[in-house]
Amino acid sequence: MVSGAVAPLTSNPPARVRNLIQGLASEETQEQSLDVLCKNRLAYDNLAVLLWNSFGTMSVLLKIITSAYRPLLSDGLTERAVTQVCNAIALFQCVASHPNTRIPFIRATMPVYLYPFLNTMSNERSYECLRITSLGVIGSLAKVEDPEVIEYLLSTQIFPSCLRCMELGKTLSRTVSTFIIYRILLSEKGLKYCFVLAERYLSVSQCLGKLVENLGDDDVENLPHLLKNIIGCYLRLSENERTRPQLLSYVPWKLLYHKYANIVRSDPEALADLRKLVCNLRTSKSCTTHCTDEPPTSSNSPGPTIP
């Protein structure tokens with residue numbers, strides 16, 4: 001049982017962790033136990049396994065998360081409630097990240113309980129906290145190359161939820177949601193899913209275009225990652241020769257400005273992807289070695305050069 005001041009997981013971590021997990025079941029110790037577990041979730045490798053296998057623990061976390069649904073609709077979320085829900089979601093991410101609990105986690109369809117936080121239309125601080133924490137769980141799933149994970153994400157309609165986050169979220173939310181789309185597109189099943197319906201392909205292309213047009217300097221730390229994910233999505237879409245001419249009209253040449261090319265220059269992979277994207281957009285038939293040196297000249301497009 002947890003009592004007294006919040007303490008880190010120092011001496012005898014397994015016993016301490018079990019006591020904290022047991023403390024989640026009691027209203028008297030739940031908030032404190034949740035806080036300590038969240039703050040120390042990276043300090044104990046098997047926390048995810050203990051959370052998943054401890055009787056009733058996932059149900060407790062789920063109850064905390066779903067308790068925010070009604071206040072979410074009425075703008076009645078308090079800062080304390082948001083903190084508790086975000087802590088519970090962070091423990092969800094712990095379970096989603098662990099190789100021994102990831103598949104049971106999605107087979108129990110636990111991630112769908114986070115989708116309401118992705119589908120909110122407000123970008124106020126409390127909503128954004130819930131949005132980015134929930135995206136962290138989906139991102140942890142998406143970054144693993146597992147066909148079952150991709151199949152699950154596609155079957156639960158994560159695409160429109162991520163597109164909404166790309167439009168409404170702050171830079172960090174946009175970065176993570178774009179990363180999720182990119183990881184899905186890297187799989188053949190994900191790419192096929194995108195191209196099955198013209199409306200779906202257009203939605204992704206247009207949303208990426210809006211992201212580029214709205215790029216700013218308000219978040220220097222996350223901007224390189226956002227750019228890398230945007231470029232990766234466009235590159236994957238450009239590999240479809242049939243729709244490549246249409247894609248050209250949705251890629252803002254702003255993406256190729258020196259300002260943004262210089263930002264990704266420190267990332268060889270991102271810069272290489274940008275050059276490949278320019279190559280693919282220049283021609284739908286063949287690509288010469290010059291394609292990796294510069295985009296179209298001003299005679300046929302306003303794009304700048306990429307040294």
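**Helix H18 and the helices around it**

Analyst: In this predicted model, the buried residues of H18 are Ala-270, Leu-271, Asp-273, Leu-274, Leu-277, Val-278, Cys-279, Asn-280 and Leu-281. These buried residues pack against H12, H15, helix H16 (244-248) and helix H17 (258-264). As for the length of H18 (residues 268-282), its 15 residues should span 21 Å at 1.5 Å a residue, and this agrees with the separation of its end C-alpha atoms, which is 21 Å. The spacing of positions along such an element can be read with a general rule in mind: an α-helix has 3.6 residues a turn, so residues three or four places apart point the same way.

The axes of helix H12 (residues 171-186) and helix H15 (residues 223-238) come within 9 Å and cross at roughly 30°; because angles under 35 degrees count as roughly parallel, H12 is roughly parallel to H15. The crossing in which H12 passes H15 is left-handed. On the H12 side, the contact is made by Thr-171, Arg-174, Thr-175, Thr-178, Phe-179, Ile-181, Tyr-182, Leu-185 and Leu-186, while H15 contributes His-225, Leu-226, Asn-229, Ile-230, Gly-232, Cys-233, Arg-236 and Leu-237. Sorted by class, the contact of H12 with H15 holds 9 nonpolar, 6 polar and 2 charged residues.

Another helix pair in the model is formed by helix H11 (residues 158-168) and helix H14 (residues 198-213), which pack at an angle of about 20° with their axes 10 Å apart. That angle makes H11 roughly parallel to H14, and the crossing of H11 and H14 is left-handed. Here Phe-159, Leu-163, Met-166 and Glu-167 of H11 meet Ser-203, Val-204, Cys-207, Leu-208, Lys-210 and Leu-211 of H14, and by class the residues of this contact divide into 7 nonpolar, 1 polar and 2 charged.

Elsewhere in the chain, Val-36 lies in helix H2 (residues 30-39). With a relative accessible area of 1%, Val-36 is buried, since the cut-off for that term is under 20%. Val-36 and Asn-87 stand 51 residues apart in sequence, and their C-alpha atoms are 9.4 Å apart in space.

Terms used. Residues numbered from 1 in each chain as written. Predicted model: local features only at pLDDT ≥ 70, side-chain atom pairs only at ≥ 80, totals over all residues. Heavy atoms only, no water. Axes fitted to C-alpha atoms, helices over the stretch in contact; angles between N-to-C directions. Helix = DSSP H or I, 4+ residues; strand = E, 2+ residues; numbered from the N terminus. Parallel < 35°, antiparallel > 145°, perpendicular 65-115°, else oblique. Left-handed = near helix turned anticlockwise from the far one by under 90°. Contact = heavy atoms within 4.5 Å. Nonpolar A, V, L, I, M, F, W, Y, C, P; charged D, E, K, R; others polar. Buried < 20%, exposed > 50% of the residue type's maximum accessible area, 1.4 Å probe, protein only. Expected span 1.5 Å × (residues − 1).
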